[in-house]
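Hello,

Here is the structure I promised to pass on to you. Please have a look at it first, and then read my notes below.

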Amino acid sequence: MHYLLNQQSVYKKLLLLFFAMFILLIAPKGQMVEERDSLIKKLKTLPNDSSRVIALNELAFSYQLKRPDSTYLLSQQAYELSRNIHYTLGEARSLNVMGISFTQIGDYAKGLKMFTQSLNAFIKMKNIRGIAVGMGNIADFYMQQGEWQNGLDKMKEGSAILETM
């Protein structure tokens, strides 16, 4: 009898978990499309400055799961504009988003290269949030490749860098 009650409890928990995941995945979908449409409209009016770079990267990031090729193209535009206007934070963020696009399409070597370049730029700027994101992306990259020790090492390295700042 105890086994049946325990099994029912597990099923209830799994059902709740499934329901929560369903809500989290489906509910934001409409909102994400609205945000994308809003960003596309906004881009038509923005000048070639940091606000345009930010909007391009936000739009690029929003496409990461469905259209990683668009993610790359938009983040590349953001990167080029950042370089032209000497917006180093935009360059670093664009490199990070490009890294995401490459890993999504399976070009892991380029993804790691972009993540590393982004991280180095954030370190140079002493941007703590960027460093944390960069180290997390690199650690996650290694873990997705099954290189658990490298991932753990990167997490430790990131922690050590953050402690020195």
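**What I found**

Of the 165 residues of the chain, 35% count as buried, where buried means under 20% relative accessible area, exposed over 50% and partly exposed in between, with a 1.4 Å probe and protein chains only. Please keep in mind that this is a predicted model, in which local features need pLDDT of at least 70, side-chain atom pairs count only at pLDDT 80 or more, and totals for chains, interfaces and linings use all residues. Residues are numbered from 1 along each chain as its sequence is written, and side-chain values use heavy atoms, with hydrogens and water left out.

The chain has 7 helices and 0 strands; helices (H or I, at least four residues) and strands (E, at least two) are DSSP runs, numbered from the N terminus. Among contacts with a separation of 6 or more, 45% join residues 24 or more positions apart, a contact being heavy atoms within 4.5 Å.

**Helices H6 and H7**

The axes of H6 (residues 128-144) and H7 (residues 148-164) come within 7 Å and cross at roughly 170 degrees. These axes are lines fitted to C-alpha atoms over the stretch in contact, with angles from 0 to 180 degrees between N-to-C directions. The two helices are therefore roughly antiparallel to each other, the word for angles over 145 degrees, while under 35 is roughly parallel, 65 to 115 roughly perpendicular and the rest oblique.

On the H6 side, the residues that meet H7 include Ile131, Met135 and Ile138; on the H7 side, those that meet H6 include Trp148, Leu152 and Met155. The residues of this contact divide into 13 nonpolar, 3 polar and 2 charged. Here Ala, Val, Leu, Ile, Met, Phe, Trp, Tyr, Cys and Pro count as nonpolar, Asp, Glu, Lys and Arg as charged, and the others, Gly among them, as polar.

Ile131, Met135 and Ile138 are also among the buried residues of H6, and what covers the buried residues of H6 includes H4 (88-105), H5 (108-125) and H7. After H6 comes glycine 146, with a positive phi near 80 degrees.

**A serine in H4**

Serine 101 lies in helix H4 and counts as buried, at 1% relative accessibility. Leaving aside neighbours within four places in sequence, serine 101 is in contact with Pro68, Thr71 and Tyr72. A polar atom of the serine 101 side chain lies 2.7 Å from the backbone oxygen of methionine 98.

Best wishes

Definitions and conventions. A polar contact is a pair of N or O atoms within 3.5 Å; within protein, one must be able to donate a hydrogen and the other to accept it, and residues adjacent in sequence count only if both atoms are side-chain atoms.
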